[in-house]
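Have the structure open as you read.

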Amino acid sequence: MLRSVKVCLIIVVDVMKSHSLKCLKSTKSLYPPFSLPSCRQPFSMQGYELLQVMRFAVEEINNSSTLLPDVSLGYEIFDFCTDAQNFPSILTFISHNGKIKVGANQKSSRYNVVGVVGPFGSSESLTIAPLLMMDLIPMISYGSSSYTLSNKLIYPSFLRTVPTNKDEIQFIVQIILQFGWNWVAFIGSKNEYSRNGLDLFRKTIQNTSICLAFLHELDGKSNIEDILHKIDSLSIKVIIVFTLEDYARDLLTTAIKINTRQKVWIAGDAWSMDLGLAAQPGIEKVGTIFGITEKMLSLPGFEDFVYRSRFKGEAEENCVNCEDGAAGQTCNQVCRNCTSLKAEKVVNNNPTFSFTVYSAVYTLAHALHSVLNCSKVGCSKVQHVPPYMLLQHVKKSNFTLQNRQIKFDANGDPPASYAVVLWQPKTEPSFLMVGTYVTYPTVQFTLNKYLVTWYENHTIPFSNCSVECEPGFVRVQNSVHKCCFHCEKCKANTYINTSVSFYTCTSCQEDEWSEEGSIICTKRTIIYLQHTDLLSVLFLLCAASFMVLSITITVLFAFNYNTPVVKSAGGNMCFLMLVCLILSNIGVFFYFGVPQPVDCVLRNIFFIFFYTICLSCMAVRSFQIISVFKMAAKFPKAYSWWVKYNGQWLCLTVYSVLHLVACGTWLQFGRPKPYNDTTAFKDQTILTCDIGTVVTSIFAWFFLWFLSVVCFCFSYMGKDLPKNYNEAKSITFSLVLFYLGWIAYFTAYIVFRGKYVQLLNAVAQLSSSYAIIFSFFIPRTYIIVFQPNKNTQVYFQTKIQTYTQTISRM
């Protein structure tokens, strides 16, 4: 007994070249299913199989006691032959009583259709979708995967049960990356499905290591042999074939014909489970074929349905015209080449889109169930279901079908549930699932490499433009493709961080170092002069001894201030010299420990300023003695001026002020500061001080070096003076030691750059002061302590008279 009929499901399935399912309409009586005349196109076995899946889904729903109780679904079918031929049917669906009201009020408009399932292809969907979108008629496609259709501003009532190209391309890219390939070809065709896939593929690989080495869109005039030869010439091993099944068959058949071998073929979902192509003789020789397909779900009862519904040998013409038959009369859809098909051929055909058709029909049924307020006992008696109302419930779909969650996101797209299958065509064609890609509830990608058998040496094929660089080498791009490169070793103090970039050597941090060709940086050892170093301890003892010795001599000279030896040494000026020598060596105690800004300033400023004053005293003292013994007679006026105005102190004051200005300029505009020397040793950082600004530092040091030369000249001029007043030897000796100490320091600074170079700088300062103490003050100290008989006025006068007599005889 038939249930009372409320709704007839009008579904469109192509049994020719294209496939689509069609609509829901309200009716008062059940008319038997019928088929519209189809175009003269080659018969499509896949389309016919999807027709049977649709019929099976409708029968299940009609036999259900929980889904749409007391409501029976019928269906109407049309074949999407070409873009031009399908418009009459579509216009019929969106009309009411043969009229189409453009811009009519949706709430008052009536249509022959309130929902459409299909069509199969993306190009076909883009053709008819605008006609359905203007009235928000739900359109659920089971095969249109172009991501363009996800734009809800343009296609507000379009939904689909097949994952989008975006998900499929993401899956393909993950497979390529998993095997380490980066040199691939993309073969498409001139339709929306392929072109959208190519656009998505290009965008997806932008931030990856993958390069699109070759692409081509197949059409009826394409020379496939030339395309395959071009791919071979580019040494491409991985080929993505993102086309419909007819183009894929032509491509693989030609590959078999010209003996193309050792390739990896990645099949789009349109032909990934093509048993006819998998059974093609020689297909196993072209290489390894991966197929991207929806996870296979069995449809319990479908096989029995097909066996039960097949013709039992009746002739095609014996089937009555269903459209003109009596109510309740049914018959199978009449189509040429269909009645002779065996049930096994229908059941064993490509199952890729079986579940998407099945779930699309169930989606509309569940939406109707909600719209009609159905319960376990029945549905409300609604005479008219507006398309927009049905669309609202379709978008909210969330139910489980064969353990698969059926739902849609904001773009009307379902969760992706893909599998990658490995073709095994050597015996009977079969497909082995080796990986999965799902996006619900979270994105998960799995791939079992151990299940894959390769065509060449059982190893993963090499499909890269260049051989991968060894660790520590950077890629240097030598082509328009980023994956074509040669390798260069990273320089010292740089490293390659492949997690950031394969094409750049990253510099180490200031406190790090690395060898050439490194992949990491190592922390540098921090080196600086420490007080506890043996050499540092010895130097500090010498510096302390100098201070004690200088202070002792100062005290000794103070107690013997009125003696001829102290007066001949300069009197008051010798005390200034001793104080300056003591102060000039205060800076040597700031060479130890971690350098601070104040340490860098005090290291040299004390020595430069006070040692220069000491040299000034020596130079003035030498010049004064020369004036007394040699210039007084020749230049009496100059000598009298010198005596009258205390020329020695005037010169000393002027020179000291000028030098003070130079030192002040140095500290104000270019003072020394702490400096981390990372160039002396590759693995060490030496904590030291720089010299500050070069110009100001040279300006400050110039006064010291200039005065040392002047002092040396004056000491040479007085080499023949009386022994008691002859300071030439002592000054010359001290200056020679001064020069030798600083020459040694500069030589070591150039040749050896270590922490002890700083100590040599301090040694040069201390040795310069020791030179003056031992050459100028120690001999006089010796006379005061051990030869007091020479420290008398009579002794000094005798030496002067002897010198005067000697000069007069010359």
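Start with N493, which counts as partly exposed at 29% relative accessibility; partly exposed covers the range between buried, under 20% relative accessible area, and exposed, over 50%, using a 1.4 Å probe and protein chains only. N493 isn't a glycine, yet its phi is positive, about 65°. You'll find N493 in the loop between β19 (485-489) and β20 (494-496). Helices (H or I, at least four residues) and strands (E, at least two) are DSSP runs, numbered from the N terminus.

L136 is another non-glycine with a positive phi, about 55°. L136 sits in the loop between α3 and β6 (139-141), and is partly exposed with a relative accessible area of 22%.

## Where things come from

This is a predicted model, where local features need pLDDT of at least 70 and side-chain atom pairs count only at pLDDT 80 or more, while totals for chains, interfaces and linings use all residues. Residues are numbered from 1 along each chain as its sequence is written, and side-chain values use heavy atoms, with hydrogens and water left out.

## Cis peptide bonds

G118 and P119 are joined by a cis peptide bond with omega about -10°. P119 belongs to the loop between β5 (116-117) and α3 (122-133).

There's also a cis bond from Y440 to P441, with omega near 0°. P441 falls in the loop between β16 (430-438) and β17 (444-447).

## The nonpolar cores

A nonpolar core here is a set of buried Ala, Val, Leu, Ile, Met, Phe, Trp, Tyr and Cys residues joined through side-chain atoms within 4.5 Å. The largest one has 62 residues, and F557, L581, Y611, L615, I772 and F777 touch the most other members. Among the helices that each supply at least two residues of this core are α13, α15 (572-584), α16 (597-634) and α21 (756-786). The largest share, 14 residues, comes from α16.

Which residues does Y611 contact, leaving aside its neighbours within four places in sequence? They are L581, S584, F606, L704, F738, S768, S769 and I772, with contact meaning heavy atoms within 4.5 Å. Apart from this core lies another, of 54 residues, among them I77, V117, A365 and C374.

L538 is in helix α13 (residues 534-559) and is partly exposed, with a relative accessible area of 44%.
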